[in-house]
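Here is a briefing on one protein model.

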Amino acid sequence: MPSLAIKVLFVVFPVFFTIGLGYAFARFKKIDLEPIIEVLIYLTVPALVISSLTSRSFNAVDLATIAIAAIAVVLGTGALSLIYLAATGRRALRGFYLPTMFMNSGNMSFPLALLAFGPDGLSVAVLYYITISILVYSLGIYIAKGKSGGLTEMFKLPLLYSAIIGVAITLLGLRLPAPVKSTVDMLGAATIPLMQLGLGMRLCSARLYSHSVSVAGSVIRILGGLVFAYAAVELLGIDGLNRKIILLSSAMPSAVVSFIVSQRYNLDSDLVASTVAASTLLSIISTPLLLMWLMS
């Protein structure tokens, strides 16, 4: 057990320490985070998607089962959120759905998957992330706007096209030319540290909305996500590395992008930011425990 605990510490320490650096940096140096987000969305994340998908072989079954599991987790936590809001008389808090349904499958899941399970683990995490991102920019924006429009936003972003390119190259058994592969690998490598630093910087500006609501949202996001993920992998018969990464990614704290969406569409942004912060703090305890289970 001590050796396992040390191994888990080696996995989680760099992740939370880098997030902490981003937080500390934002406390003493005020800079605009939006250009960094733009670089991530339009350059480094698409490069990481192509780099990861073309570095590991997978089949259509892997892609489908991971996507179905991710969708099940999002819809399941959404149902829990609906029940909670109805039971507490807070149906008007539509923004509550964003941080409970959409997890941080990029900023935190990528480095954890890579450090704990290597490049193959990162590739599976990327597949999961693609599904969640498509849901954020379709279902998430539908929730935020209260009307249609998410699909239009989704097609404006390069993530979808980079995913199609990466999946097509892998399924067709093709290979990127060496200079192109080196370029996307190099750009993609910048994604993880930028995401972690950006998360810490964003958390620095978060303000608590309501302790009870934020804590409830955090529990739904992390524990609820894990429960629905476990049910999904059991029902779908998913095992091995895919199973571990699905469970890991599904139990991540709330996605920072949920705050960005809520802010853009003026929907309970204080509540969303507070839940993102609370769930990230909770993950300091839940993530090591989860990794000890997955790595044992």
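Buried means under 20% relative accessible area, exposed over 50%, and partly exposed in between (1.4 Å probe, protein chains only). This is a predicted model: local features need pLDDT of at least 70, side-chain atom pairs count only at pLDDT 80 or more, and totals for chains, interfaces and linings use all residues. Residues are numbered from 1 along each chain as its sequence is written, and side-chain values use heavy atoms, leaving out hydrogens and water.

**Fold**
- The protein has 13 helices and zero strands (DSSP runs: H or I of at least four residues for helices, E of at least two for strands, numbered from the N terminus).
- A compact globule of 296 residues would have a radius of gyration near 19 Å, and the protein agrees at 18 Å (C-alpha atoms; the rule is 2.2 Å times the number of residues to the power 0.38).
- Of contacts between residues at least 6 apart in sequence, 84% join residues at least 24 apart (contact: heavy atoms within 4.5 Å).

**Burial**
- Of the 296 residues, 54% count as buried.

**Aromatic pairs**
- The structure holds four aromatic pairs (Phe, Tyr and Trp rings, the six-membered one for Trp, with centres within 6.5 Å; planes under 30 degrees apart are stacked, over 60 edge-to-face, the rest tilted).
- Phe110 and Tyr129 are edge-to-face, with centres 5.0 Å apart and planes at 65°. Both residues are buried.
- Tyr230 and Trp293 form a tilted pair, 6.4 Å centre to centre with 40° between the planes.
- Tyr230 lies in helix α10 (residues 211-236) and Trp293 in helix α13 (residues 269-295), so the pair ties together parts 63 residues apart in sequence.
- Tyr230 is partly exposed at 38% relative accessibility; Trp293 is partly exposed at 43%.
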